[in-house]
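Subject: Structure handover and notes

Hello,

The structure is pasted below, and my notes on it follow. Please read them with the coordinates open.

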Amino acid sequence: MKLRYYIAVRLGLAIPTMIILLTTVFFLMHVLPGDPVVIMYGDRYPTKYIDEIRHNLGLDRSIWEQYGSYISDIAKGDLGISFVHKVPVVQKMSNTYACTLELAIVGLIVSTLLGLPLGIIAAMRRDGWFDHISRLVSLYIHSNPGFWVALIFQIIFGLMLGLFPISGRSPPDFQLTKVTGLYILDSILTLNFEAFIQSIRYLALPVLTIAITSIPYLSRLSRASMINVLGEDYMVTAKAKGLPQWSITYKHALRNALLPVITSVGGQFTALLGGTVIIEKIFSLPGLGSLLMDSLTARDFTMIQGIVAIYAVIVVVMNTVIDIVYAAADPRVKY
Amino acid sequence: MSYKKSGFNFRELYNIAPRSAKAMFIVGLTFSLILMVFVVVGPYITPQDPYQFSENTLGAPTSKNLMGTDNLGRDLLSRLIYGARYSLGISLVAVGLSLVIGLVLGSASGFFGGNLDRIMMLFMDAMYIFPSFIYMLIMVVVLGPGLWQTALAISIGRIPYNYRLIRSLTISVKERGFIEAERVLGADNWYIIRNHIMPYYMSILFVTVSLGMASGTLAISGLGFLGLGIPPPTPEWGTELAGGRTYLLGGAWWLVMFPGVFVLIAMLGFNLLSDGLDIILNPTVRRLQ
């Protein structure tokens with residue numbers, strides 16, 4: 001099969017995945033205790049009035065009817081109206097999703113750029129001092145809970161050294177033309193150097209926290225993958241052919257060692273996205289995680305469903321992209 | 001090739017393991033066992049009553065209160081030892097629950113195959129790529145606060161992982177040539193299960209349980225930190241840390257420091273244990289380690 005078809009199949013598979021995730025959260029929300037109408041308007045109103053609102057919102061229909069209209073609304077891009085904020089969920093989220101996306105993607109890039117070389121070097125100098133030390137250090141770092149690391153960073157880099165801001169996404173007098181909502185990307189696109197520096201400064205500690213918790217995993221994985229490749233027969237062949245060492249290392253070994261790492265990046269992204277909820281809370285970032293926490297406390301059903309839908313879109317897109325990259329990078333992959 | 005009486009001989013595997021793996025295993029086991037002692041007898045060995053208020057509020061660590069006192073004058077060390085019961089106990093229940101569910105679903109899916117397998121795989125894959133921590137947050141709110149509810153919520157986050165592991169194990173055991181060969185040699189089912197399938201499962205299950213304890217402890221303290229875990233005054237480590245954060249700017253560093261150290265020691269213990277076990281129990285993996 002050609003790569004084109006593989007991509008089509010992979011995109012087709014993304015749809016049932018989305019539906020499963022949305023269905024799960026829909027039914028979960030309907031076991032939640034608490035009447036959404038009472039949450040929205042309080043219990044001061046007479047029953048007749050409450051019933052009327054319930055009817056207007058379609059909450060008096062059977063759960064299956066509600067489910068049907070929920071799925072068809074989502075297909076049209078309509079996530080409903082927030083019970084608490086009384087504005088469309090999409091509008092409320094349009095300001096927050098970019099914050100989480102930026103945090104997660106920059107976090108993933110930084111941890112991959114640091115974790116990968118560390119693992120490769122450890123594998124090249126296997127059982128040397130670098131290998132041993134990096135293994136111990138990464139095991140130790142891996143055991144630190146992310147929220148604790150974040151607090152320590154806030155104290156050391158924020159309060160004691162005053163290097164980076166410890167909360168928020170931008171300074172109060174921040175000026176930036178909105179293009180995508182991702183501050184770093186926007187400031188590059190609009191050539192706004194001042195905003196570029198500021199958005200990086202504000203992102204530094206949250207991203208560092210994410211990187212600290214992800215690097216051990218990625219470096220360990222790339223080390224194992226590299227060692228595996230170094231033991232393959234074609235490495236002996238390359239050496240026997242008299243190829244120079246750099247060509248053996250970078251062309252033959254590294255390229256093959258990267259393949260398993262590509263697949264695991266998807267899983268790492270998922271884990272990292274879950275971690276952003278706590279990180280957003282600690283650094284007071286106005287992202288999806290903070291919105292989710294508020295909506296969970298307020299029992300804002302439509303909002304929670306909408307946030308899960310966005311998270312689902314993010315992970316499904318990311319995983320589909322990674323699968324396609326993997327298929328394109330490895331000609332041996334069976335479609 | 002000679003056949004041993006039992007297929008799962010830990011002492012033999014341990015003896016041939018490299019020194020570093022033995023060290024990791026011993027250190028990890030020690031940490032984990034000490035913490036498990038806290039879980040079982042914690043309430044009886046705390047130096048002071050973990051719920052007893054005193055005049056000494058926000059007291060710095062002294063010889064009387066080794067880890068200081070909190071805003072109500074309660075002894076932090078006693079609270080953290082007592083809290084092991086919650087942080088680790090819930091994690092243990094969650095690991096057990098997710099393992100049983102994963103075992104049942106995974107082995108059924110892998111053994112029977114067909115449409116059942118395809119549908120379950122699609123469902124579990126969908127859950128697998130979704131951040132499990134967000135599932136846990138929603139589940140905790142749906143199920144309400146409580147020990148069992150939290151344990152259930154955390155186990156649900158881990159089911160997809162266990163399911164996939166058990167499924168692939170079942171399929172690979174089913175397809176292994178040596179099982180067919182043993183059958184030809186006249187071995188009965190029980191002999192095959194005891195000597196081939198069990199060791200194969202066991203070596204991976206021990207590591208999974210240990211890793212699960214680490215991630216479970218992290219999840220509970222994370223939920224507690226967000227205020228969705230075990231509510232105060234129960235001294236769960238994450239809840240304690242979140243509570244202590246309020247007094248951090250006032251200089252009460254010990255209220256954040258020591259709960260974090262307890263989580264760190266637990267994580268370090270379980271991670272060392274699982275890494276050590278992984279190398280000891282799977283000699284073939286050693287090529288990678």
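Which residues in α12(A) meet which residues in α13(A)? From α12(A) they are Thr276(A), Val277(A), Glu280(A) and Lys281(A), and from α13(A) they are Gly289(A), Ser290(A), Leu292(A) and Met293(A). A contact here is a pair of residues whose C-beta atoms, placed from the backbone, lie within 7 Å.

Some conventions before the rest. This is a predicted model, in which local features need pLDDT of at least 70 and side-chain atom pairs count only at pLDDT 80 or more, while totals for chains, interfaces and linings use all residues. Residues are numbered from 1 along each chain as its sequence is written, and chains are lettered from A and ligands numbered from 1 in the order in which they are written. Helices (DSSP runs of H or I, at least four residues) and strands (runs of E, at least two) are numbered from the N terminus.

Chain A overall

Chain A has 14 helices and zero strands. Its C-alpha trace spans about 85 × 55 × 40 Å along the principal axes. Of its 335 residues, 39% count as buried; buried takes 20 or more other C-beta atoms within 10 Å of the residue's own, exposed 12 or fewer, and partly exposed lies in between, with C-beta atoms placed from the backbone. Among the contacts in chain A with a separation of 6 or more, 73% are between residues 24 or more positions apart.

Two packed helices are described by the angle between their axes and the distance between the axes. The axes are lines fitted to C-alpha atoms, for helices over the stretch in contact, and the angles run from 0 to 180 degrees between N-to-C directions.

Helix α12(A) (residues 245-282) packs against α13(A) at about 85°, with the axes 7 Å apart. That angle makes α12(A) roughly perpendicular to α13(A); under 35 degrees counts as roughly parallel, over 145 as roughly antiparallel, 65 to 115 as roughly perpendicular and the rest as oblique. The residues of this contact divide into three nonpolar, three polar and two charged. Nonpolar covers Ala, Val, Leu, Ile, Met, Phe, Trp, Tyr, Cys and Pro, charged covers Asp, Glu, Lys and Arg, and polar covers the others, Gly among them.

On α14(A) (residues 301-329), helix α13(A) (residues 288-298) packs at about 155°, with the axes 9 Å apart. This makes α13(A) roughly antiparallel to α14(A). From α13(A) the contact takes Leu288(A), Leu291(A), Leu292(A), Ser295(A) and Leu296(A), and from α14(A) it takes Met303(A), Ile304(A), Ile307(A), Ile310(A) and Tyr311(A). These divide into nine nonpolar, one polar and no charged.

In the loop between α12 and α13 of chain A sits Ser284(A). Ser284(A) has a positive phi of about 45° although it is not a glycine, and it is exposed, with 12 other C-beta atoms within 10 Å.

Elsewhere in chain A

Leu191(A) is another non-glycine residue with a positive phi, about 55°. It lies in the loop between α9 (183-189) and α10 of chain A and is exposed, with 8 other C-beta atoms within 10 Å.

Val229(A) belongs to helix α10(A) (residues 193-230). Val229(A) is buried, having 20 other C-beta atoms within 10 Å. Leaving out residues up to four places away in sequence, Val229(A) touches Ala253(A), Asn256(A) and Ala257(A).

Helix α4(A) (residues 63-75) is hardly covered, with one buried residue among its 13. After α4(A) comes Gly77(A), whose phi is positive, near 85°.

Chain B and the interface

The contact between the chains takes 31 residues from chain B and 38 residues from chain A. On the chain B side, the elements giving two or more residues are α4 (114-129), α5 (132-143), α8 (189-225) and α10 (254-281) of chain B. The largest share, nine residues, comes from α10(B). The chain B side divides into 22 nonpolar, five polar and four charged residues.

Arg167(B) is in helix α6(B) (residues 147-175). Arg167(B) counts as buried, with 23 C-beta neighbours inside 10 Å. Not counting residues up to four places away in sequence, Arg167(B) touches Gly106(B), Ser109(B) and Gly110(B). Arg167(B) and Ser109(B) are 58 residues apart in sequence and 6.4 Å apart in space, C-alpha to C-alpha.

Regards

Methods. Two residues are in contact if their C-beta atoms, placed from the backbone, lie within 7 Å.
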